[in-house]
Amino acid sequence: FTNRDLKDIRDRILANKVGAPAKAGTVAPVDVFVPAGGTGMDPSQTSFFQALNIATKINKGQVEIVNNVHLVKKGEKVGSSEATLLSKLNINP
């Protein structure tokens with residue numbers, strides 16, 4: 001309970017909202033994009049990206065994503081492969 005204005009309290013709570021790791025089977029609250037560039041993953045992981053139809057190349061001993069990828073759309077269920085990729089890339093939607 002509080003004596004303060006509920007709108008102010010709600011605004012403070014929403015200002016402190018942070019992303020959380022994606023879980024398989026949950027509905028995505030936002031669109032999730034994977035940015036182009038180096039991933040820090042070794043070249044043996046390219047098959048993982050191929051399974052998700054993500055164009056990659058090997059650059060300086062690591063997998064590099066060629067283009068920005070719209071991985072999960074808002075309102076769709078997150079698949080297990082997508083959730084695993086997001087956790088490997090440390091992306092919290």
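This note goes through the fold, the core and the surface of the chain.

1. The model is predicted, so local features need pLDDT of at least 70 and side-chain atom pairs count only at pLDDT 80 or more, whereas totals for chains, interfaces and linings use all residues. Residues are numbered from 1 along each chain as its sequence is written, and side-chain values use heavy atoms, with hydrogens and water left out.

2. Three helices and five strands make up the secondary structure of the protein chain, in the order α-β-β-α-β-β-β-α along the sequence; these are DSSP runs, with helices (H or I) of at least four residues and strands (E) of at least two. The radius of gyration, 17 Å, is well over the 12 Å that the globule rule gives for 93 residues, so the chain is more spread out than a compact globule. That radius is taken over C-alpha atoms, and the rule is 2.2 Å times the number of residues to the power 0.38. Along the principal axes, the C-alpha atoms fill a box of roughly 60 × 25 × 20 Å.

3. The largest nonpolar core has 19 residues, and those with the most contacts inside it are Val34, Phe49, Ile54, Ile65, Leu71 and Leu85. Such a core is a set of buried Ala, Val, Leu, Ile, Met, Phe, Trp, Tyr and Cys residues joined through side-chain atoms within 4.5 Å, where buried means under 20% relative accessible area (1.4 Å probe, protein chains only). Strands S1 (32-34), S4 (62-65) and S5 (69-72) and helices H2 (46-51) and H3 (80-88) each supply at least two of its residues.

4. Of the 93 residues of the protein chain, 25% count as buried.

Definitions and conventions:
Buried < 20%, exposed > 50% of the residue type's maximum accessible area, 1.4 Å probe, protein only.
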